Amino acid sequence: MREILGDIDRWRAQNKRIAVARVVDIEGSGPRDPGAAMAVNEDGEVCGSVSGGCVEGAVVAEALEILNSKSFGRLVKFGYSDDEAFAVGLTCGGVVHLFIQPLSW
Amino acid sequence: MLYTALAERIRKNKPVVLLTVIDGPNTGATLLVAPDQTQIETLGTLGNAELDRVASRDAIGELEAGRTSVRNYGPAGQVTPEDLQDTPVVRVFVESFSPPPQMIIFGAVDFTAALARVAKVLGYYVVVCDAREVFATKRRFPMADEVLVTWPTPVLSARGSNLGPRDAICILTHDPKFDVPAIQGALATSVGYIGVMGSRKTHAKRLERLAEVGVTKPQDLDRLMSPIGLDIGSRTPEETAISICAEIIGKRVGRSVPSLAKSEGPIHR
């Protein structure tokens with residue numbers, strides 16, 4: 001979170017709507033530990049990361065959907081074993097659980 | 001409001017915990033828990049006063065352990081398996097923001113600048129200390145969080161009790177006047193890493209001087225990583241800084257790494 005505060009501050013000053021995605025749990029091999037965070041603003045600008053670059057693209061899509069749906073936030077899972085919602089995964093074979101929510105606090 | 005308070009505490013290196021309901025009733029609700037000397041301040045709510053109370057207490061424990069995790073509660077803070085039967089589960093992400101680990105570097109030499117730079121990349125709060133006023137300047141070490149012109153003993157007696165397994169002390173002086181008190185002071189702390197620069201010859205002489213002041217216990221001498229760093233053939237100050245930081249990481253996570261302190265033969269081949 002520390003490394004994305006500067007971008008979030010800038011976006012807040014511009015009155016942009018912002019979603020924050022955080023790693024809350026990992027199973028098996030995962031590139032980033034719980035707490036790794038990225039933020040996406042309503043224009044699709046991104047700061048931070050939650051993996052080694054494997055799932056960020058899908059997180060942006062999910063974050064924008066959350067911003068546009070008035071959702072309070074939801075858990076999203078990415079991993080090789082997950083063949084449902086997303087066609088992206090971690091090449092390392094692990095599973096990463098993210099919580100994505102609007103920065104309404 | 002809550003974000004502003006969180007950002008401010010993170011920037012000021014003050015401990016803080018952010019709790020977020022990630023599943024169950026009130027998903028997305030947040031609570032900020034900020035311990036100060038005398039009391040615990042909270043901001044926001046997870047949706048129930050009793051849940052806030054129980055989760056805040058757990059948050060302080062997680063913070064002290066430096067852990068970030070997901071915990072399960074009942075909607076009114078129930079924690080026992082019996083109480084949790086037949087209630088919806090509230091899953092709470094407890095994210096700890098501990099102050100950064102510290103690295104204290106004794107000796108204001110060229111290696112110090114490189115080491116301070118690499119340590120900053122790794123997120124350390126970096127303190128550079130040397131008794132020589134002309135060398136220990138903020139101008140020479142702009143990347144350091146603090147530059148102190150003083151001797152090791154006062155620094156370590158003032159700050160030693162705050163040092164723990166995540167922190168590091170690197171002694172780069174090569175000067176017995178400075179090395180010996182720095183090592184004595186470092187050994188009196190529970191700091192996770194003590195690295196001391198110098199060739200094998202220098203270290204052998206240093207061990208004699210340490211013996212003269214009564215530092216002889218094998219469990220103490222074992223803590224000294226000297227020659228400092230990994231045996232990766234580093235030559236420049238920057239390469240040496242990488243080898244020192246890699247050794248610190250390896251030691252912290254308990255991996256067996258090719259430390260110079262555990263090998264033989266010349267450092268530079």
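Helix H2 (residues 56-69) of chain A lies across E1, E2, E3, E4 and E5 of chain A, running at about 30° to E5(A). Helices (H or I, at least four residues) and strands (E, at least two) are DSSP runs, numbered from the N terminus; axes are lines fitted to C-alpha atoms, for helices over the stretch in contact, and angles run from 0 to 180 degrees between N-to-C directions. The model is predicted, so to read it, note that local features need pLDDT of at least 70 and side-chain atom pairs count only at pLDDT 80 or more, while totals for chains, interfaces and linings use all residues. Residues are numbered from 1 along each chain as its sequence is written, and chains are lettered from A and ligands numbered from 1 in the order in which they are written.

The strands of chain A form an open sheet of 5, in the order E3-E2-E1-E5-E4, with antiparallel pairing (two strands pair if DSSP finds at least two bridges between them). Its edges are strand E3 (46-48) and strand E4 (74-79) of chain A, each pairing on one side only. From one strand to the next, the twist averages 25°. E4(A) is joined to strand E5 (residues 95-102) of chain A by 6 bridges, and Arg74(A) has Ile100(A) in E5(A) as its bridge partner. A further helix, H1 (residues 5-13) of chain A, lies across strand E1 (18-27), strand E2 (37-41) and E3 of chain A, at about 20° to E2(A).

Turning to chain B, an automatic or database domain assignment gives domain 1 (2-97) and domain 2 (102-262). The C-alpha centres of these domains of chain B lie 37 Å apart. Helix H4 (residues 110-121) and helix H9 (residues 237-253) of chain B pack at an angle of about 50°, with their axes 8 Å apart. H4(B) and H9(B) are therefore oblique to each other (angles under 35 degrees count as roughly parallel, over 145 as roughly antiparallel, 65 to 115 as roughly perpendicular and the rest as oblique).

Finally, the two chains meet in a contact that takes 17 residues from chain B and 14 residues from chain A, where residues are in contact if their C-beta atoms, placed from the backbone, lie within 7 Å. On the side of chain B that touches chain A, H1(B) gives the most, with 5 residues. That side divides into 7 nonpolar, 7 polar and 3 charged residues (Ala, Val, Leu, Ile, Met, Phe, Trp, Tyr, Cys and Pro count as nonpolar, Asp, Glu, Lys and Arg as charged, and the others, Gly among them, as polar).
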